[in-house]
Amino acid sequence: MSKPRNPGAAGDRARPLDRQKAHEIQAFGHVTRLPIALSQNVASQSVENLNQVLADTITLRDLYKKHHWQVAGPTFYQLHLLFDKHYEEQNELVDTIAERIQSLGGISLAMAADVAETTIVPRPPKGREEVPV
């Protein structure tokens, strides 16, 4: 029988390596020139516009999940399924838009705080809203 290991040592090995900093290789807002049939100006404007659409699409996706979790009432089950279906469809759109931004040489928004700063979709209340809303 082997000697039990120090339990603290196993916990240290399982701990994620946080607070790591890497050199940023492309700044947000900078579009890398790629061999595509668009001018740099058009690619840059497209990336900017697509990041706005991405922020709004992520927000709509998250609204569907919020309502999926919070829906109540006699139509709960049907709405619960509907919101989940729409969430999945929005999630596919989010991925497609983000990949398009990357293919243009841009950097897509990715973090919730950045999305919240960018979206033009109004923030809903934290609580549960009436079903018709």
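This report covers confidence, salt bridges and surface patches in a predicted model.

Residues are numbered from 1 along each chain as its sequence is written. Local features need pLDDT of at least 70, side-chain atom pairs count only at pLDDT 80 or more, totals for chains, interfaces and linings use all residues, and side-chain values use heavy atoms, without hydrogens and water.

**Confidence.** Mean pLDDT (the predictor's confidence in each residue, from 0 to 100) is 90 for the chain, and 92% of the residues score at least 70. Helix H1 (residues 7–14) is lowest, at a mean of 68, and helix H4 (residues 112–118) is highest, at 97. Helices here are DSSP runs (H or I, at least four residues), numbered from the N terminus.

**Salt bridges.** The structure holds 3. Each is a side-chain nitrogen of Lys or Arg within 4 Å of a carboxyl oxygen of Asp or Glu.

| Pair | Closest N and O atoms |
|---|---|
| Arg-61 and Asp-62 | 3.0 Å |
| Lys-65 and Asp-84 | 2.9 Å |
| Lys-85 and Glu-89 | 2.9 Å |

Lys-65 in helix H2 and Asp-84 in helix H3 are 19 residues apart, so this pair links distant parts of the chain. Lys-65 is buried at 15% relative accessibility (buried means under 20%, exposed over 50%, partly exposed in between, with a 1.4 Å probe and protein chains only). Asp-84 is partly exposed at 26%. Lys-85 and Glu-89 both sit in helix H3, 4 residues apart.

**Surface patches.** Ile-36, Leu-38 and Val-42 make a nonpolar patch of about 190 Å². Ile-36 lies in the loop between H1 and helix H2 (40–70). Glu-88, Glu-92, Asp-95 and Glu-99 form a negative patch. Patch residues have over 30% relative accessible area and no salt bridge; like charges are joined within 9 Å, nonpolar side chains (Val, Leu, Ile, Met, Phe, Trp, Tyr) within 5 Å.

Note on methods: Helix = DSSP H or I, 4+ residues; strand = E, 2+ residues; numbered from the N terminus. Areas by Shrake-Rupley, 256 points an atom, 1.4 Å probe, with all protein chains shown as cover. Lys, Arg positive; Asp, Glu negative; His and termini not counted. Charge placed at Lys NZ, Arg CZ, Asp CG, Glu CD.
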